[in-house]
Structures are given as C-alpha cells and as structure tokens.
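Visitor: I would like to go through the aromatic rings of a protein, one question at a time. Please show me the structure to begin with.

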Amino acid sequence: MKKYDFFKITIPNDPSYLPVAQISVKEVAKKFGFTGKDLYKIDLGLEEAFMNVVNHAFEAGESNTFDIICEHLPLGIKIILKEKGIPFDPKNLPSYNPGKSLDEAGSVGLGTYLMREIMDEVSFHNLGPEGKEIHLVKYLQSRNIKNYFEASELAPDLEEVIKPSIITDKIDFIVRRMQPDEAIEISKGAYKSHGYTFFDEHIYYPDQIVELNNSGEMVSVVAVTPENTFMGHSALHYPSSGAQIAELTFIFVNPEYRSQGCMGRMLELLFETQKGYELYGVYAFAVSNHIFSQKTMLRYGLNDCGIELATSPATWTFKGIAGDESQRMSVVLSFKYLKEAAPLTLYPPARHRTMIEKLYGNIGSKNNFAVPDEVEAQHKENKSVIETRVYASEGNAEIFIKSYGSNVIKEVKGILRELCVEQIAAINLFLNLEDPLTYFVCSEFEKMDFFFSGIMPMSGIGDALILQYLNNIAIDYDKVIAHSEMAKEILDYIKANDPYCSF
C-alpha cells in the first residue's frame, strides 16, 4: 500500500475511548480530503460501529482490545473495525422501521440503520478464526454530471431532443487510453443512455472516473476523431485489488458514430493494454430486456456461462430502446479468457455436473471433473470465512464462501435472514468448485431455496458455482430475453431448478 494510505490503532473495548477513536479517524479523514458535513457523518458512523463492537463483541465485563483501520481509497476512505471477540451478529437485531414513532420502533436496530444511512457502504465480514470486521466506506463529494450539463440538456424529455444524424461515411478515428479531460464525456454518455438509473454511480462523477484510472482500479479507453472529438468509451473494472479477471463495463458510443466500428477496436485495445497486474480473463453482464448488448459480447468473444435473475430494479432506463418495466431486470453473464487457463480439478455437484461441463466447454476451458471422497472433503476450520457484499441501490447482494467451516450452513442461513430482513431482492451465493466440500454442501444450500445460476471462472474464491436466491420476487421467464442458444439453454435449466417456478 502506498505511503500514508494506511492507518491503524488498537483500542480498548471501553466506551470512554470513543473520543480517542473519533479524533484519530477524523484527522486521518482530513488528510484524505474530507471536510465539513462529511467529517461529521464519518464521526457519527464510527460512533455507531464502535458502540456495536463494545456492546456486542465481548463477554460482559471482559477487558479486551480491537483494531480500527483506515484505508485511503481512490475515491474516499474505508474504516475497518476488526475484533476477535464474540462476533457481533447483525442478523439477531430486528429490522428498524423508521416509519414508526420512536416509542413504537424503540432503539433496537437503530445503530445499524444509522450506519447504512450515513455512510455510502456498510458491510459485515466473517473471517472465521481471524474474527469479524465491520467495513464503513465514505466517498469524497465530487462534481456530479449535473454540474456540467446545461439545464436544457437535463430536461426529463431528453430523449425527445433532436439527435445528431448517424454518420454513414467511414471516417478515420483513433483508439487510445482516456485522457483526464475526457472523463466528462463518459459521464455525459451514461446520462444520455440511462438517465440517472445506471447501476454504478461512479460513472456520473468525472473526477471519480479519473481517480479510478489513476489508481489502476479501472482501465478506460476512448475512440476519438483526428480532431479529438469524443466518439465512445469502454472500460475494464477490477472487482478487487490483484484480481486476475476484470469486468467489461461502461460501454458507450455516441449515436452519430455507431456505424463506424469503433466498439471492436476499443475492446481489442482493452484486451491488449498493459495492466498493473496480469489479466487472465474478462467478464460482462448483458441485460436481458433486449438482445443488443448480448450480441455485442458474443461478437467479441465473450461466451455465455450464466444468468442472474432480478439483479437490478425494473426502473433501469435504456433511452431509445423499448423495454419491459413490469419486473426486475436480469443479466446474462459471459466470459472470455485472455490467456490459456491451466486445467483445474473441479468438484461440481452431481446434480449439475453435466450443465457445468457444458458451460466450461462453451467458454473454451478444459478441466478435470472429479468426485471427492468423504476423507478428502473434511472441514478445515470451525468457522467459515465468508464475505458479503451488499449493493443497496440495486437491491442485490453477493455471498462468497472463501472456506467452509463446520457450521457453514447455519452461518449462511443467518446471513440470508439478515439480507431478507433488509429487503434485498436478489442474493447470489458463490461456492468454490475447486474445494471438494462444494460437491457435498451444494444440496444443503438448495434446501434453503438457493438454485442454480451459472459459473464464474477465477472469481475471488477460485472458479465458482453461482447459486441464486430471490426474496419474494416473482419472475416471468417469458420476459427474460436470452439471445444465444447457450443462453436459452441456461435459462431453461435455471427455470427447471427454480423451486418456485410453476411452469
């Protein structure tokens, strides 16, 4: 980590030390660029997390310590509270209802509710023998795209504004890495295509796009005319530091240039560009309310390997493209290897082995598929290592099981209950196919109404089997548009395994 990007204190589990923690974190936040009301919000968010640890992480009267870690993110600060006491388990807190009067609602669950309201991201992490962590993330305030558009351009009927004519004659253009002053054109492209419904709000903040590229978390390329007129943008975004795969995302081409073929050249440059670390593959999520993005992924070598149902609100907008807003939006997952992958030994559950083998064949990977014995699949730890990521604005979450403990089923049940109480609509569970235990435990998760979704090569836990859970969400499978023959087969397979599908 870069110098001055990391700060850590170890502090007693004594509420009288709260001001010490707040002063320390506040000064670090100032160094990272925070001012005014944001410092107050960080202060209040830390207070709620601090008291959660003090009140819930240790036995009554126990004298102990825990760590508070501040990390400098490209766009803000991450505050981590790490302890090895009795885990604070938010699933045991009733859901706080802000709509009720204080007398009716009480204060139980209020701390967690306030943290989620004040901070930009709040997550709880089970590290098994290494304890538990609460992560608080706050982003620096940046100039939103509204600061750059003329008022007339932000009118609700923007799609009705006369658009430039499509240039049919072939023109010369250049494809290269993004320059900082071009970030505004990327934000404008997102707004013109999706209004303010895009799934990742970073795209609406030009300076955040610049910071993501400067930090190496994102690699942006643009197509421009010889006069440097912006034509389009594509990017690779890494899901985590040091990841071997990246998501192909933030793809825009201005309408007048859509017949020039700049999309293919941008993707080729992205795949070839030297990254901060070695890249073995790229993946993409193509929406299923139309076929255009699915066709684009196939055209450039990303082949289908899964479908995630109901991952985004039905209100996600595609200006100029008709769509069905009667149910939440689903996405088709596709993948492309940039380097030949060494064969792995995988342990697919017997029930899904045929489909999993077919999906790997579709993305061009040859692996060894094995059936483990009971001795080979012993639990290595008493507690599991589980990471949960919640995307509140999208109403979805991801659960990654990094290692299985003896109580993994109970632990996942607790996480699932918490997410359901928080009204998360779609929940994806990632199981490591390289771990023999996946062969045995998959059926236990399916008893909890998780069902097959697909595969994700080289995820943060290894090659993963994806299961999905829908929280009181009805899916009309006829409204999920699958373009390729493989996507259609995946959709039929998912439908057949959905415990609530009535056919």
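Visitor: Is Phe450 buried or exposed?
Guide: The model is a predicted one. A residue counts as buried under 20% relative accessible area. Phe450 has a relative accessible area of 2%, so Phe450 is buried.

Visitor: How many aromatic pairs does the structure hold?
Guide: Rings count as a pair if their centres lie within 6.5 Å. The number of such pairs in the structure is eight.

Visitor: What kind of pair do the rings of Phe450 and Tyr469 form?
Guide: The ring centres of Phe450 and Tyr469 are 5.5 Å apart, and their planes meet at 55 degrees. Planes under 30 degrees apart would be stacked and over 60 edge-to-face. At 55 degrees the pair is therefore tilted.

Visitor: How many residues apart in sequence are the parts that this pair of Phe450 and Tyr469 ties together?
Guide: Phe450 lies in the loop between α11 and β18, while Tyr469 belongs to strand β19. The pair therefore ties together parts whose separation in sequence is 19 residues.

Visitor: Which kind of aromatic pair do Phe452 and Tyr493 form?
Guide: Their centres are 5.0 Å apart. The angle between the planes is 85 degrees, and over 60 degrees is the range for one class. The pair of Phe452 and Tyr493 is edge-to-face.

Visitor: Where in the chain does Tyr493 lie, as the partner of Phe452?
Guide: Phe452 is in strand β18, and the two residues are 41 residues apart. Tyr493 is in helix α12.

Visitor: Which residue has its charged end over the ring of Phe173?
Guide: The charged end sits 4.2 Å from the centre of the Phe173 ring. It belongs to Arg265.

Definitions and conventions: Residues numbered from 1 in each chain as written. Predicted model: local features only at pLDDT ≥ 70, side-chain atom pairs only at ≥ 80, totals over all residues. Heavy atoms only, no water. Phe/Tyr/Trp six-rings, centres within 6.5 Å; stacked < 30°, edge-to-face > 60°. Helix = DSSP H or I, 4+ residues; strand = E, 2+ residues; numbered from the N terminus. Buried < 20%, exposed > 50% of the residue type's maximum accessible area, 1.4 Å probe, protein only. Lys NZ or Arg CZ within 6 Å of the ring centre and 35° of its normal.
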